[in-house]
Amino acid sequence: MFGRLRQKIVDGLRKTRDAIAGQVERIASAGRPVDDALLDELEEALLSADLGPELAAELRDRLGQRLRGEAVGGPDQVLGVLREEILALLPPRVPETRPTAPPRVTLVVGVNGSGKTTTAGKLAALWGREGRKVVVAAADTFRAAAVEQMAIWAERSGAEVVRSQPGADPAAVAFDAARAARARHADELLVDTAGRLHNKKPLMDELAKIARVIAKEIPGAPHETLLVLDGTTGRNAVIQAREFTRVAPVSGLVLTKLDGTARGGVAVAIGRELGIPVRYVGVGEAADDLLLFEAEEYVAGLLAPPGTKGE
Amino acid sequence: MDAALREIRLALLEADVSFKVVRDFLARVREKALGADVIQSLTPGQQVIRVVRDELVGLLGGGAATRPLAISSRPPSVYMLCGLQGSGKTTTIGKLGRWLKKSGRHPLVAPVDLQRPAAVLQAVQVARGAGLAVYEHDGTGSPVERAREAVRHARQKGFDVVLLDTAGRLHVDEELMDELAALRAAVEPAEILYVADAMTGQDAVRSAEAFKARVPLTGVILTKLDGDARGGAALSVAAITGVPVRFAGIGEKPEAIEVFDPERMAGRILGMGDVLGLIEKAEEAFDAESARKLEQSLKKRQFGLEQFRDTLRQVRKMGPLESVIGMIPGVRLPADAQVDPRRVVRMEAIVDSMTAGERRDHRVINGSRRKRIARGSGTSVQEVNQLLKQYLEMRKLFQQMGPSPSKGQLRRLLGR
């Protein structure tokens, strides 16, 4: 039985001709010798999923080591080797941090347009469904109507919103929310922040300040800092992860927009370099379109042949 | 040449240029660089650089003058912006509207994203922030109907442009793609602009192609170029769809938009630290004679203060120092940074004030000589000390690394 993550990824993949598996099927016909020409073509197939030139070259070498000198046993053999190698690259699952006493604080960060507010809205809904009491800090006081967007999401899931005027100090909003979360014995405090490009120092300093201020009110917080990455982003996502990690204790990634044809392969490169695991995957605009990341499912989806029926 | 092409391949892939585009591009460069139109005066390295640059600029739509935005024979002209979620459509609408207003047009912002929570409100606030009129409504109804109303409203009130802010949609969402086609049929836009995030990876081509298959795109607006993504998506989209990039978003402020510049983009894609440009400039500035002298002295492990001064002169000849430093990979100047060219002149003056013996062997330069040199060059003893320190560091680097100046050398040379 397919899990929902795999289904969603496969659904998107079905609509593109250059899914990895489709290319492998064309390239790795049974009996073809494993030589440079074949490996070159496989490397290109890997590039199409945003794994990046470095990782693609590395996987090419691994494939070469494991298969060279033989004739290809067929696409399934190559896909099987790839599956093992990519899985080995993903960092191990780390259990989520839970504080000894509630509230648990989750800080949501990322560049503009990656899907932070939507992700925060879905998280509030997810925890609401689990019967947890959620307070949301609408700390994106910069973008037009971001507070209203967050408030609508919170209202739908029955979470309480702490908000302020547009242009207010986001750290102050986060601080107020931390107080409110404690006073109301909330289980979860979710802090939505403004999108910021990682090369803008004042904005990154502001983020560090938000994290500091929360820690002052709730020791040990933020317990989780989720970096939201647009799944269609290419190499720049690695730099984003590096830079956000410098100013906030990023503990997990959320990979959004994977219901399209993008594969988010850059997350593999990030996991490899920084050891940050993917926690959730966004696959749509509905409240329940946020899925827990499962490495096996993800890789299976990544390597599913085109035409596979997801559902 | 193979080594150069390998480097270029890597640079393009790191910049997120589609692997297919990279493949075709390199094949073409190889062919042209080996072709008959070889210019005698260029070294093989220069040949490749020239061909790569020309090809990149060509693909990005260079040469041809940027076409102004089309105007419908019957006003208002509708400009429809579309794209994936989070690409920056609404922010861009504010900037584009302001830009149009500045050039004497009367734009009306028409939000038709009835999908995302608070999207209409966002458009209203963005429009107000940019001083633009906006067609307000409560966010109910159908996007097609709202778009029609906005156009009618514009016609009645004398607006000559309607900026249609559509909902973000995935190209695989058939229902929403149908809606986009219906919007187009209903209001017949003069321009359909695809808003693309400059950070997009290999998927850029897939999504742009899918949008183009449903509505006839007339241009691309590349956003978030104020980030540090190299923006290879621009090249992929332009090369595969043939739709030219028209504007670039370069910040969050309402005025942060500019007409797209293919030449600058070509440089950026090849590496913000435009390695090729640096090589090119260096090759221009270092005339053959002094390069030969420098090489000889390096071979003999001699790097005297005279060579140091020559190097300073060469660097100064390479153009405004900001632009030279800006081309060094990994070195980024703050926006307001200015490298004082007078500083390099002062450094040269210090060396000029030394005796031939001092230039040959810096070890003889004691305290009283330093004072004399400072007086002679109109500088201070501290500056003389600093120069000697820089010289020694540079000498060490040259001895370690050989003749081609590296970023570290230039950086140290300029005291950064």
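Let's start with one strand, β4(A). E188(A), L190(A) and D192(A) point one way from β4(A), L189(A), V191(A) and T193(A) point the other way, and all are buried (buried means under 20% relative accessible area, exposed over 50% and partly exposed in between, using a 1.4 Å probe and protein chains only). In other words, six of the six residues of β4(A) are buried. Helices (H or I, at least four residues) and strands (E, at least two) are DSSP runs, numbered from the N terminus.

Before going on, please note that this is a predicted model, in which local features need pLDDT of at least 70 and side-chain atom pairs count only at pLDDT 80 or more, while totals for chains, interfaces and linings use all residues. Residues are numbered from 1 along each chain as its sequence is written, chains are lettered from A and ligands numbered from 1 in the order in which they are written, and side-chain values use heavy atoms, with hydrogens and water left out.

## The sheet of chain A

Where does β4(A) sit in its sheet? Eight strands of chain A form an open sheet with mixed pairing, in the order β3-β2-β4-β1-β5-β6-β7-β8. At the edges stand β3 (160–162) and β8 (290–292) of chain A, each with a single partner strand, so one side of each has no neighbour in the sheet. Neighbouring strands of this sheet are turned by 25° against each other on average, direction ignored. Such angles use axes, which are lines fitted to C-alpha atoms (for helices over the stretch in contact), and run from 0 to 180 degrees between N-to-C directions.

Strands of a sheet pair through backbone hydrogen bonds, either parallel or antiparallel. Here, two strands count as paired if DSSP finds at least two bridges between them. Strand β2 (residues 134–139) of chain A pairs with β4(A) in the parallel sense over six bridges; A137(A) stands opposite V191(A), and V134(A) stands opposite E188(A). β1(A) also runs parallel to β4(A), joined to it by five bridges, with T106(A) opposite L190(A).

## Helices of chain A

Helix α9 (residues 201–217) of chain A has 17 residues and reaches 25 Å from its first C-alpha to its last, close to the expected 24 Å (the expected span is 1.5 Å times one less than the number of residues). Its buried residues include M204(A), L207(A), A208(A), A211(A) and I214(A). An α-helix has 3.6 residues a turn, so residues three or four places apart point the same way. The buried residues of α9(A) pack against β1 (104–109), α8 (170–183), β4 (188–193) and α10 (236–247) of chain A; contact means heavy atoms within 4.5 Å.

Helix α4 (residues 53–67) of chain A has 15 residues and reaches 21 Å, close to the 21 Å expected. Which elements do its buried residues pack against? They meet α3 (36–47), α5 (75–89) and α11 (266–274) of chain A, together with α1 (2–14) of chain B. After α4(A) comes G69(A), whose phi is positive, near 90°.

Chain B has 19 helices and eight strands, and 53% of its 416 residues count as buried. Chain B, too, has an open sheet of eight strands with mixed pairing, in the order β3-β2-β4-β1-β5-β6-β7-β8. Strand β1 (residues 77–83) of chain B pairs in the parallel sense with strand β4 (residues 161–165) of chain B over five bridges, and Y79(B) has L163(B) as its bridge partner.

Chain B is divided into domain 1 (2–63), domain 2 (64–269) and domain 3 (277–413), with bounds from an automatic or database domain assignment. The centres of domains 1 and 2 of chain B, taken over C-alpha atoms, are 32 Å apart. Still, 17 residues of domain 1 of chain B are in contact with 24 residues of domain 2 of chain B.

## The largest nonpolar core

A nonpolar core is a set of buried Ala, Val, Leu, Ile, Met, Phe, Trp, Tyr and Cys residues joined through side-chain atoms within 4.5 Å. Which members of the largest core touch the most other members? Of its 149 residues, they are V78(A), L189(A), V191(A), Y298(A) and L164(B). Domains 1 and 2 of chain B both give residues to this core, so it lies between them.

V191(A) brings us back to strand β4(A). Leaving aside neighbours within four places in sequence, V191(A) is in contact with residues including V105(A), L107(A), A137(A), A174(A) and I214(A).
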